[in-house]
Amino acid sequence: EAAHTAKQLAPDDVEMLTWFANTVFQLEKPGEAIPALTRAIQITPNNTALLIQLGYVKSLAGKDEAAAETYRQIISAENPQSHELLDAAEGLKRLGDFTNAIACLELGLEKLSEPNSDFLKQLALAYKDSKQYERALETLEDAIKLEPESIELLIAKTDVLVLLERPQAAEATLEHAINIHPEYPALHQMMSLFYRTTGQITKALSKAEELVAMHSSSSQSAEAFAARALAAELARALLQHEYAISILEDQPAVNTTESPVSDRVTINADGYHFTLQAAPYHCLLAEIALERDEEISAANHLTEAVNLAPEHPRVKALQSRLSLRTGDHDFAKQTFQSALEYIDHNKENIKLIDTPAEIDCASLYPDIGKYHEDICTRLAIAEAAVEIKQWEKSVEILELTSILVPNEPLISALIARTLVLRAEFQDF
């Protein structure tokens with residue numbers, strides 16, 4: 001009430017209007033801040049800082065198109081500062097307007113007295129998001145000249161090289177990063193994921209085993225659980241089921257004499273958010289428990305996974321399977337359909353073809369981590385389809401998945417198993 005009263009007493013005072021907007025924003029009422037900021041901008045139309053603030057508030061209020069339009073005004077504003085253009089670009093990227101994000105960043109670079117690696121990195125990522133991979137690579141190389149040992153830049157370059165279908169250059173870049181920073185588990189994780197992306201499943205498992213060993217001094221961390229999940233998934237892909245279980249169930253003692261590894265590197269959150277969590281570890285243990293008909297254990301691990309990633313389709317698939325076994329058929333169907341939306345959403349990008357190389361991997365996977373996550377998710381949904389006796393749907397999912405990983409024994413084994421179950425059920 002005090003804020004509203006103050007605004008009424010000085011409706012054309014920019015400082016008062018800004019204070020009011022900040023106050024109601026802190027009270028989690030972004031919608032009420034919009035008129036005040038709009039009025040403040042009308043009074044001081046060249047106040048680019050207020051434009052940034054208004055764009056952000058509109059975005060939080062769910063007015064995405066209005067927010068994007070506000071951010072775009074920065075480009076034509078009178079003498080915007082470089083940091084304001086960077087903020088506007090980040091806002092536009094969040095809203096999916098990569099073209100204008102690029103325009104902001106390019107203008108911001110022109111205003112700088114000398115090249116800035118952070119600007120270059122953000123511009124490269126915007127190029128990547130808009131599928132301008134060659135320009136992304138050129139920009140990253142410019143940024144790497146300024147920071148030749150930057151892990152984030154080398155990781156971004158690896159991703160872009162994969163999207164450009166230059167696996168040898170991508171592998172060399174990642175190996176270079178590991179040689180510079182061998183102590184960072186994130187780099188070893190990415191190398192394992194890279195090997196799986198390029199069909200080198202045995203090498204992927206070997207690198208994942210190294211990653212598990214690196215986390216031996218912090219075996220209860222989310223990163224350690226994620227490393228063991230990755231190694232176990234890869235072992236299962238090679239039909240080494242017992243070894244996979246031993247990786248998951250192994251609880252190494254904490255080695256207090258060993259120097260702790262550095263795991264503070266942040267990788268592109270969009271692609272690695274699920275892979276680097278402990279959620280896949282609990283999902284895989286729940287899946288194994290269901291294979292053993294150990295529903296209580298499965299429920300315990302599923303609870304952990306739900307706490308970490310409640311809306312992930314792999315978690316939904318597990319909920320469907322467990323609900324069916326506990327007699328809640330309606331919830332089983334509901335969660336299965338929810339999980340199936342993931343397949344239906346991505347199915348149009350994949351077609352049954354003779355040559356896997358013809359797949360537009362660049363449109364399917366914006367980064368290496370997403371590739372591995374997608375395969376694991378598809379297999380989980382296929383298993384849920386088997387559980388509810390939708391044989392055709394399971395075979396369809398598995399056949400599509402086999403296009404993405406044509407050389408992995410697990411997929412062929414699951415297809416054969418599902419066809420046998422379908423035949424037995426039909427005969428019965």
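## Aromatic pairs and a buried glutamate

Three aromatic pairs are present in this predicted model. Rings of Phe, Tyr and Trp (its six-membered ring) pair if their centres lie within 6.5 Å; planes under 30 degrees apart count as stacked, over 60 as edge-to-face and the rest as tilted. A pair of aromatic rings is described by the distance of the centres and the angle of the planes, and here are two of the pairs in those terms:

| Pair | Distance of centres | Angle of planes | Class |
|---|---|---|---|
| Phe194 and Tyr195 | 5.9 Å | 55 degrees | tilted |
| Trp391 and Phe425 | 5.7 Å | 50 degrees | tilted |

Helices (H or I, at least four residues) and strands (E, at least two) are DSSP runs, numbered from the N terminus.

How covered are these rings? Buried means under 20% relative accessible area, exposed over 50%, and partly exposed in between (1.4 Å probe, protein chains only). Phe194 is buried at 1% relative accessible area, and Tyr195 is buried at 7%. In the other pair, Trp391 is buried at 11%, whereas Phe425 counts as partly exposed at 41%.

Glu233 belongs to helix 14 (residues 222–237) and is buried, with a relative accessible area of 9%. Which side chain makes a polar contact with that of Glu233? The partner is Arg314, at 2.6 Å. Such a contact is a pair of N or O atoms within 3.5 Å; within protein, one must be able to donate a hydrogen and the other to accept it, and residues adjacent in sequence count only if both atoms are side-chain atoms. Setting aside neighbours within four places in sequence, Glu233 is in contact (heavy atoms within 4.5 Å) with Leu284, Arg314, His372 and Cys376.

Stepping back to the whole chain, its secondary structure comes to 24 helices and zero strands. Of its 428 residues, 50% count as buried. Among contacts with a separation of 6 or more, 60% come from residues 24 or more positions apart.

A few notes on reading the values: residues are numbered from 1 along each chain as its sequence is written, and side-chain values use heavy atoms, with hydrogens and water left out. As the model is predicted, local features need pLDDT of at least 70 and side-chain atom pairs count only at pLDDT 80 or more, while totals for chains, interfaces and linings use all residues.
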